[in-house]
Amino acid sequence: MQGWHGLEDVPGDWGRSVITIGVFDGVHRGHQRMVTRAVDLAADLGLPSVVITFDPHPDEVVRPGAHPTRLTTPRHRAELLAALGVDAVCVLPFTLEFSRMTPDEFVQAVLVDRLHAAGVVVGENFRFGHKAAGDVETLRELGEKYDFVAEGVPLVTDGEAISSSSIRESLASGDVAAAAEALGRPHRVEGVVVRGHQRGRALLGFPTANVESPPFTAIPADGVYAGWLQCVQSPSPYDGHRWPAAISIGTNPTFEGVERTVEAYALDRDDLDLYGAHVVVDFSVRLRDTLKFDSIEALVEQMRRDVDEARRLTAG
């Protein structure tokens with residue numbers, strides 16, 4: 001899959017293509033339906049498929065101070081889109097000037113002049129152009145003007161429409177199962193393993209990987225979860241290894257902590273040295289709330305129960 005950052009990266013000899021447009025944060029089941037339709041239409045026409053997405057998130061520009069939490073890193077988002085069969089991803093820098101383009105200006109400058117659209121596939125609620133003036137019907141009319149077909153794909157619903165915003169709400173409440181249902185896979189948090197207080201190894205008997213994630217990562221609510229820990233694209237000798245895990249999110253109230261952390265214990269492994277490794281944590285099931293214990297002994301006893309439950313839930 002080709003990756004372009006800005007229209008200037010599009011090859012000069014790029015021919016006609018089928019395009020789909022969106023932020024695609026999470027690449028959830030609704031996104032997957034839309035992208036798959038674009039890929040299928042491109043195959044029918046014998047043309048490549050292109051995903052247009054944006055960085056930063058448009059909300060950060062049109063609503064200064066807003067920072068929607070991110071469901072996927074740019075790297076993971078690109079991997080998920082590639083797995084759907086996309087031929088190219090074009091990341092457009094979203095600026096204030098860009099946000100002021102009229103629908104016609106956007107279509108001509110982006111879809112027609114540079115990417116030579118033969119088809120454009122969007123969600124049925126798609127809005128574009130300055131002050132969201134354009135919709136799917138606008139896109140169809142401009143398609144007639146500029147010689148491309150436009151389709152609005154129905155939203156995927158589970159009682160209500162699946163959206164990145166609703167997934168963020170599920171994660172904020174700790175409902176990782178609902179988030180996974182909407183995503184079509186477990187929610188993932190990734191980052192670099194850094195040194196913490198090292199209580200897990202020295203004091204509690206459960207050495208954890210303290211994962212430092214990028215700013216504005218969508219981290220589930222404080223609590224204890226079952227899931228998976230995996231090394232990815234890392235110089236660590238464990239690169240590619242994946243372990244069932246018990247995961248703790250919170251401030252470690254038993255120790256009067258103040259910093260919120262994501263810590264993952266690879267079940268039954270006390271021999272791993274993951275410092276500096278790039279890891280991903282996939283969340284499967286929420287086990288319980290974060291609690292403050294009266295003693296270290298009570299905490300350790302609960303942790304044993306958490307590990308047993310995580311082992312049972314991740315078996316196989």
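A polar contact is taken here as a pair of N or O atoms within 3.5 Å; within protein, one of the two must be able to donate a hydrogen and the other to accept it, and residues adjacent in sequence count only if both atoms are side-chain atoms. The structure is a predicted model, in which local features need pLDDT of at least 70, side-chain atom pairs count only at pLDDT 80 or more, and totals for chains, interfaces and linings use all residues. Residues are numbered from 1 along each chain as its sequence is written, and side-chain values use heavy atoms, with hydrogens and water left out.

A look at the whole chain comes first. The chain has 10 helices and 12 strands, where helices (H or I, at least four residues) and strands (E, at least two) are DSSP runs numbered from the N terminus. Its C-alpha atoms fill a box of roughly 70 × 35 × 35 Å along the principal axes. Of the 316 residues, 49% are buried; buried means under 20% relative accessible area, exposed means over 50%, and partly exposed lies in between (1.4 Å probe, protein chains only). Among contacts (heavy atoms within 4.5 Å) with a separation of 6 or more, 74% link residues 24 or more positions apart.

Confidence is given as pLDDT, the predictor's confidence in each residue, from 0 to 100. The chain averages 92, and 96% of the residues score at least 70. Strand 2 has the highest confidence, at 98, while helix 9 (residues 199–204) has the lowest, at a mean of 57. Where pLDDT is low, the predicted coordinates should not be read in detail.

Six of them form an open sheet with parallel pairing in the order 1-4-3-2-5-6; two strands pair if DSSP finds at least two bridges between them. Strand 1 (2–5) and strand 6 (149–153) stand at the edges with a single partner strand each, so one side of each is left without a neighbour in the sheet. Within the sheet, strand 3 and strand 4 run parallel and are joined by six bridges, with phenylalanine 54 opposite leucine 92 in strand 4.

The interior holds nonpolar cores, each a set of buried Ala, Val, Leu, Ile, Met, Phe, Trp, Tyr and Cys residues joined through side-chain atoms within 4.5 Å. The largest has 33 residues, and those with the most contacts inside it include Ile21, Ile52, Phe106 and Leu139. Among the elements that each supply at least two residues of this core are strand 2 (17–21), strand 3 (49–55), helix 5 (103–112) and helix 6 (136–146). Helix 5 gives the most, with five residues. Leaving aside neighbours within four places in sequence, phenylalanine 106 is in contact with Ile21, Phe98, Met101, Leu111 and Phe128. A second, separate core of 32 residues includes Leu171, Ala179, Leu183 and Cys231.

Several individual residues round out the picture. Histidine 31 is found in helix 1 (residues 29–45) and counts as buried because its relative accessibility is 12%. A polar atom of its side chain lies 3.4 Å from the backbone nitrogen of valine 27. Beyond its neighbours within four places in sequence, histidine 31 is in contact with Phe24, Asp25, Gly26 and Ser164. Histidine 5, in strand 1, has 43% relative accessibility and therefore counts as partly exposed. With neighbours within four places left aside, histidine 5 is in contact with Val91 and Pro93.

Two threonines sit in loops. Threonine 157 lies between strand 6 and helix 7 (164–172) and, at 47% relative accessibility, counts as partly exposed. Threonine 157 and arginine 29 are 128 residues apart in sequence and 9.2 Å apart in space, C-alpha to C-alpha. Threonine 217 is placed between strand 8 (209–212) and strand 9; at 17% relative accessibility, threonine 217 counts as buried. Not counting residues up to four places away in sequence, threonine 217 touches Thr69, Arg70 and Val189.
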